[in-house]
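Please look over the sequence and the 3D structure shown here, and then read the briefing that follows. The notes are grouped by topic for a reader who is new to this structure.

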Amino acid sequence: MAKQRILLIDDEPTIRFAVADYLNAQGFAVETAKTVQEGIEAFLRAPPDAALIDYMLPDGNALEMLPRLREIAASVPIIVLTAHGSIDLAVRCIKEGAQHFLTKPIEMPTLQLILQRVLEQQRNERKLIMGNLTRRRSRLYPFIGTNAAIIALAEQAKRVLDSETPVLIQGETGTGKNVLARWLHENGPRADEPFMDINCAGLSPEFLRAELFGYEPGAFTGATSRKLGLLEVGHHGTVLLDEVGEIDVSVQPKLLKVIEEKRFRRLGSVRDIAVDIRLFSATNANLAALAEKNLFRKDLLFRLDVVRLVCPALRDRRDDIIPLAYKILDEIGAERGISDLNLTSAAEKALIEYNWPGNLRELHNVLERALLLSQMTTIDRDDLSLNRVTHNTPTYLGDHLLTLEQVERLHIENVLAHENGNVVRAAQQLKIPRSSLYQKIKRYSISTSKS
C-alpha cells in the first residue's frame with residue numbers, strides 16, 4: 001500500500017526540513033510548499049491525505065486559505081501551525097475547517113500522534129460512508145471443504161494476499177466470488193481500510209460514472225451538491241468491481257485511466273483526484289470472448305487479468321456439500337437464535353445428488369427456505385423441495401397449502417436468485433418499483449447477500 005501523503009506548507013526552511021525529515025522517517029511521504037499559492041497548486045495536483053499549514057505565510061494566512069482548500073478537497077484533514085497561538089485564533093481556524101491547531105515550537109512525537117488521530121478519524125468517516133452504501137454480507141469462509149479444487153484455490157489466494165496486483169475472480173453465479181474477494185481484503189494489508197463492492201450489472205453508463213467517480217454541483221441536471229465517488233471513498237482500501245463484464249464500453253476508458261494513473265476526475269470537475277486502491281474484479285462472463293466482439297476493451301482486460309482465481313462449481317465438489325450445508329445452517333441458526341440444526345441422512349443424500357445450478361447461493365436459499373417452512377430443527381428430504389421447477393414458485397409444500405405471504409416471499413427469493421441478487425433487475429422482472437421491493441425484502445427478512 002502506498003505511503004500516506006502529508007503536505008507541509010511553511011515558509012521557514014528549517015521547519016520544512018525538520019518536519020519532513022521526521023515524518024519521512026515515520027513512514028509518511030511528505031511534500032512541501034512555501035506559500036499559499038504553492039499549497040493550493042499542490043492540492044489541485046493531488047490532494048494529500050493530510051495537510052500541515054503554517055498560519056502566517058508570505059502571501060496570506062491559514063484563515064484565508066482554509067475555505068479554498070475545503071472547496072478543492074473537503075475530506076482532507078488540516079492542522080494549523082503557529083508561533084503565536086491564542087484561543088480565539090484556534091476557534092476561528094476550527095470554524096473554517098481545520099481539524100487541529102498546534103503551536104510552535106513543534107514537538108515531533110506530539111505532531112505524529114495528532115496526525116495519526118486525524119488520519120484515523122478520516123478513515124473511520126470513509127468506513128461510515130462505506131457502511132451506509134453497502135449491504136451486510138455473509139462472512140462465510142471461502143475455502144470450506146477438502147476437494148482438490150478448493151484446496152488449490154486457497155493456496156493460490158494466500159500467495160497473492162500481500163500483493164498489490166489486480167485480481168480477476170471468475171466462476172459461475174453463486175460460487176462465492178464476492179466472499180473470496182472480501183476474504184482477500186480482510187486478510188491482506190488493507191484490512192483496516194474500506195472495502196467497496198460495486199455491482200456494475202444493470203447500471204446505465206451515466207449512473208455508473210456518477211457512482212464510481214462522483215460529481216460536482218451542476219455537473220448534470222439534478223446535481224445540486226458534491227457527491228464523493230465510491231473510488232474516492234475507497235481510498236487506501238480495496239475496490240471490487242462485481243460483474244465487471246457488464247461495464248459499458250463508454251465507461252471502460254475512464255476505468256483504465258484509474259488503473260494506469262491512479263487518478264480520476266469527478267463529473268463536472270477539471271481537477272484530478274489521486275487514489276490509492278487495490279482492485280479486484282469478479283465475473284461469470286468470458287471476458288476474452290467479449291473482447292473479441294469489441295464489447296470489452298482488450299487493454300482493460302490485460303490490466304484486470306493479472307492474477308486469476310477461479311471459484312469451482314458446487315457440482316464439481318460434491319464431497320464438500322454437506323460440510324458447507326452445516327456451516328450455512330450454523331449461520332442461519334445464529335441469526336435466528338436456533339441451535340442444533342440437523343439434516344437427516346435422506347436430506348444429505350438429496351443435497352449431494354442435486355446438480356446445484358445456483359451453486360452456494362442456491363444451497364443457502366434452499367436451506368433457509370426449508371427452515372422457514374418446516375419450522376423444525378431437523379431438515380428432511382421433503383423439506384428441501386429440490387424437485388420443484390426452477391424459478392417456479394409452488395403453491396403447495398407437501399400437503400400444506402402455502403399462504404399468500406409465503407408464496408410472495410418464495411417468488412421474490414426465486415427472482416432475486418435468477419437475477420444474481422441484483423435488486424434493480426429483480427424489481428424490473430417483478431414490475432414493481434425498486435423501493436417497494438426493498439420494503440418487501442425487509443418485511444420478509446430475505447437475504448440479498450451474494451456469494
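The chain holds 19 helices and 20 strands, where helices (H or I, at least four residues) and strands (E, at least two) are DSSP runs numbered from the N terminus. This is a predicted model, in which local features need pLDDT of at least 70 and side-chain atom pairs count only at pLDDT 80 or more, while totals for chains, interfaces and linings use all residues. Residues are numbered from 1 along each chain as its sequence is written, and side-chain values use heavy atoms, with hydrogens and water left out.

**The chain as a whole**

- Taken along the principal axes, the C-alpha atoms of the chain fill a box of roughly 85 × 45 × 40 Å.
- Of the 451 residues in the chain, 52% count as buried; buried means under 20% relative accessible area, exposed means over 50%, and partly exposed lies in between, with a 1.4 Å probe and protein chains only.
- Among the contacts in the chain with a separation of 6 or more, 71% come from residues 24 or more positions apart, a contact being heavy atoms within 4.5 Å.
- The chain exposes about 21,200 Å², of which carbon and sulfur atoms supply 52%; accessible areas come from the Shrake-Rupley method with a 1.4 Å probe, and for residues only the protein chains shown count as cover.
- There are 57 positive and 59 negative side chains, and the centres of the two sets lie 3 Å apart; Lys and Arg count as positive and Asp and Glu as negative, whereas His and the chain ends are not counted, and the place of a charge is taken as NZ of Lys, CZ of Arg, CG of Asp or CD of Glu.

**The sheet that contains β3**

- Five strands form an open sheet in the order β2-β1-β3-β6-β7, with parallel pairing; two strands pair if DSSP finds at least two bridges between them.
- At the edges stand β2 (29-33) and β7 (100-103), each with a single partner strand, so one side of each is left without a neighbour in the sheet.
- From one strand to the next, the twist averages 20 degrees; axes are lines fitted to C-alpha atoms, for helices over the stretch in contact, and angles run from 0 to 180 degrees between N-to-C directions.
- Helix α1 (residues 13-25) packs on this sheet, touching β1 (5-9), β2 and β3, and its direction makes about 165 degrees with that of β2.
- Helix α3 (residues 62-72) also packs on the sheet, where it touches β1, β3 and β6, and its direction makes about 170 degrees with that of β6.

**Strand β3 and its partners**

- Strand β3 (residues 50-54) runs parallel to strand β6 (residues 78-82), and four bridges join the two.
- Within this pair, D54 stands opposite L81 in β6, and the bridge partner of L52 in β6 is I79.
- Four bridges also join β1 to β3, again in a parallel run, and here I9 stands opposite I53 in β3.
- In a regular strand the side chains alternate between the two faces of the sheet.

- An open sheet of five strands has the order β9-β12-β15-β8-β16, and its pairing is parallel.
- The edges are taken by β9 (195-199) and β16 (307-310), each with a single partner strand, so one side of each is left without a neighbour in the sheet.
- Neighbouring strands of this sheet are turned by 20 degrees against each other on average, direction ignored.
- Strand β8 (residues 167-170) and strand β15 (residues 278-283) run parallel and are joined by four bridges, with A282 in β15 as the bridge partner of I169.

**Helix α8 and two glutamates**

- Helix α8 (residues 205-213) is mostly covered, with seven of its nine residues buried, among them R209 and E211.
- After α8 comes G214, whose phi is positive, near 75 degrees.
- E413 has its place in helix α17 (residues 404-418) and is buried, with a relative accessible area of 5%.
- Leaving aside its neighbours within four places in sequence, E413 is in contact with E368, R369 and I446.
- E107 lies in the loop between β7 and α5 (108-133) and is exposed, with a relative accessible area of 54%.
- E107 and R190 are 83 residues apart in sequence and 30 Å apart in space, C-alpha to C-alpha.
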